[in-house]
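This briefing goes through selected residues, helices and ring pairs. Please keep the sequence and the structure in view while reading.

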Amino acid sequence: MLRGAIIGIGGMGRNHLACYNPVKDAKIIALCDINIEVAQNTVRDWGLDIPVYDNMVELIEKEKPDFVDIVTPTDTHAELTIKAFEMGCHVICEKPMALNSADCQKMIEASEKYGKALMIAQVVRFMTPYAYLKNTIETGRLGKLIKYTAKRLSPVPTWSAEDWMKKPERSGGAVIDLAIHDFDFIQWTFGLPEKHDSVHYTWKNETEFISTNMKYDGLSIFVEGGWFTTALPFNAGYTAIFENGVISAEGEAIKENGQEVSLEWNSPEIAIDGVTVESVDGYSRELAYFISCVENGKKPEMALPESSKASIEFCEKLMSEATKL
């Protein structure tokens with residue numbers, strides 16, 4: 001049983017906390033938030049009997065967890081991750097990995113220097129619709145994929161402490177924070193495109209979005225993602241057109257050739273090595289996978305930090321070469 005601590009108890013931190021419940025081989029033994037009242041309220045409201053801190057260093061010194069789960073603003077990821085390694089902890093860090101690829105490299109080097117596991121929580125890789133799609137691509141059961149479109153559109157985030165998500169210098173903006181989900185899946189699945197062409201609408205009335213066309217050998221991909229000030233409900237999904245069929249997804253719902261697909265959590269189409277959690281939730285699945293890797297001394301092949309860095313580099317390249325609106 002690995003003992004862990006969650007660093008950052010905002011909305012996503014509380015989500016991680018809940019998603020450890022079905023993970024049998026990990027126990028959360030402490031919480032930390034720079035606003036200690038947030039951690040105290042969480043412990044009280046959730047009926048937990050664990051200590052809380054407002055400083056990660058103090059927490060590690062006193063509680064000595066095996067790992068920390070860093071769910072703090074993006075501009076703190078590199079610093080906190082490196083400090084946790086120095087103090088002997090393994091780290092799972094919420095996406096995006098860092099604000100820039102240079103900080104990503106520092107995190108990788110620290111992981112190697114101190115011999116501790118590092119995994120970035122690229123949750124889309126563990127979500128059922130995307131695991132099902134990747135399995136279909138790799139097995140070739142519908143022939144070759146020839147066209148793929150993906151979207152991830154959201155209202156401007158207003159729920160972060162001190163509005164840090166709305167500050168590009170802290171969050172990286174909509175491309176690094178939100179659209180990276182789809183760019184990461186594409187980079188992980190297909191590698192980098194032969195050609196790409198982007199349009200980037202940058203921070204006008206707090207709206208930011210990117211639309212990108214990509215060309216691979218015999219494959220066309222289009223991705224759009226961003227934050228909007230209009231009354232737009234969050235929506236994310238994809239359409240994948242193969243030579244011999246079509247798979248589409250909206251949220252967690254999957255359709256193949258227009259028919260709904262129902263999968264068990266341990267179906268071969270979504271099976272992920274090392275995951276023992278009986279849950280279809282992508283967050284629980286990624287946490288269980290990380291814990292399994294640490295317990296078995298394995299690298300997290302499903303989400304290597306080098307791959308997460310490559311996704312940051314991909315986003316940097318797309319933004320730097322995009323036509324600005």
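In which strand is the place of K151? K151 sits in strand β7, which covers residues 145-155. The model is predicted.

**K151**

- Apart from neighbours within four places in sequence, K151 is in contact with D182, E224, N235, A236, G237 and E250.
- One of these residues, N235, makes a side-chain to side-chain polar contact with K151 at 3.4 Å.
- K151 and T239 are separated by 88 residues in sequence, while their C-alpha atoms are 9.3 Å apart.

**E94**

- E94 belongs to strand β5, residues 90-94.
- E94 is buried but has no salt bridge.
- The nearest side chain of opposite charge is that of K95, 4.8 Å away; a salt bridge would need a side-chain nitrogen of Lys or Arg within 4 Å of a carboxyl oxygen.
- The side chain of E94 does have a polar contact with the side chain of H16, at 2.8 Å.
- Leaving out neighbours within four places in sequence, the contacts of E94 are M12, H16, I70, V71, H77, I120 and A121.

**Aromatic pairs**

- The count of aromatic pairs comes to 13.
- Y20 and F67 form a tilted pair, because their ring planes are at 35°; the ring centres are 6.1 Å apart.
- This pair links distant parts of the chain, 47 residues apart: Y20 is in the loop between α1 (11-19) and β2 (26-32), and F67 is in strand β4 (residues 67-70).
- Y20 is buried at a relative accessible area of 5%, and F67 is buried at 0% relative accessibility.
- Y130 and F185 make an edge-to-face pair, with 5.3 Å from centre to centre and 70° between the planes.
- Y130 lies in helix α6 (residues 128-139) and F185 in helix α8 (residues 173-190), so this pair ties together parts that are 55 residues apart in sequence.
- Both Y130 and F185 are buried.
- Y130 and F185 also belong to one aromatic cluster, together with Y148, W188 and Y238.

**Helix α6**

- The 12 residues of α6 reach 16 Å from the first C-alpha to the last, close to the 16 Å expected at 1.5 Å a residue.
- Nine of these 12 residues are buried, so α6 is largely enclosed by the rest of the structure.
- The buried residues of α6 are T128, P129, Y130, A131, Y132, L133, K134, N135 and T136.
- G140 follows α6 and has a positive phi, near 70°.

**Helix α9**

- Helix α9 runs over residues 282-295, and its end C-alpha atoms are 20 Å apart. This agrees with the 20 Å that its 14 residues should span at 1.5 Å a residue.
- α9 is mostly covered, with 13 of its 14 residues buried.
- D281 caps the N-terminal end of α9, where a side-chain oxygen of D281 lies 2.8 Å from the backbone nitrogen of Y283.
- Just after α9, G297 takes a positive phi of about 65°.

Definitions and conventions: Residues are numbered from 1 along each chain as its sequence is written. This is a predicted model: local features need pLDDT of at least 70, side-chain atom pairs count only at pLDDT 80 or more; totals for chains, interfaces and linings use all residues. Side-chain values use heavy atoms; hydrogens and water are left out. Helices (H or I, at least four residues) and strands (E, at least two) are DSSP runs, numbered from the N terminus. The expected span of a helix is 1.5 Å times one less than its number of residues. Buried means under 20% relative accessible area, exposed over 50%, partly exposed in between (1.4 Å probe, protein chains only). A polar contact is a pair of N or O atoms within 3.5 Å; within protein, one must be able to donate a hydrogen and the other to accept it, and residues adjacent in sequence count only if both atoms are side-chain atoms. Contact means heavy atoms within 4.5 Å. Lys and Arg count as positive and Asp and Glu as negative; His and the chain ends are not counted. Rings of Phe, Tyr and Trp (its six-membered ring) pair if their centres lie within 6.5 Å; planes under 30 degrees apart count as stacked, over 60 as edge-to-face and the rest as tilted.
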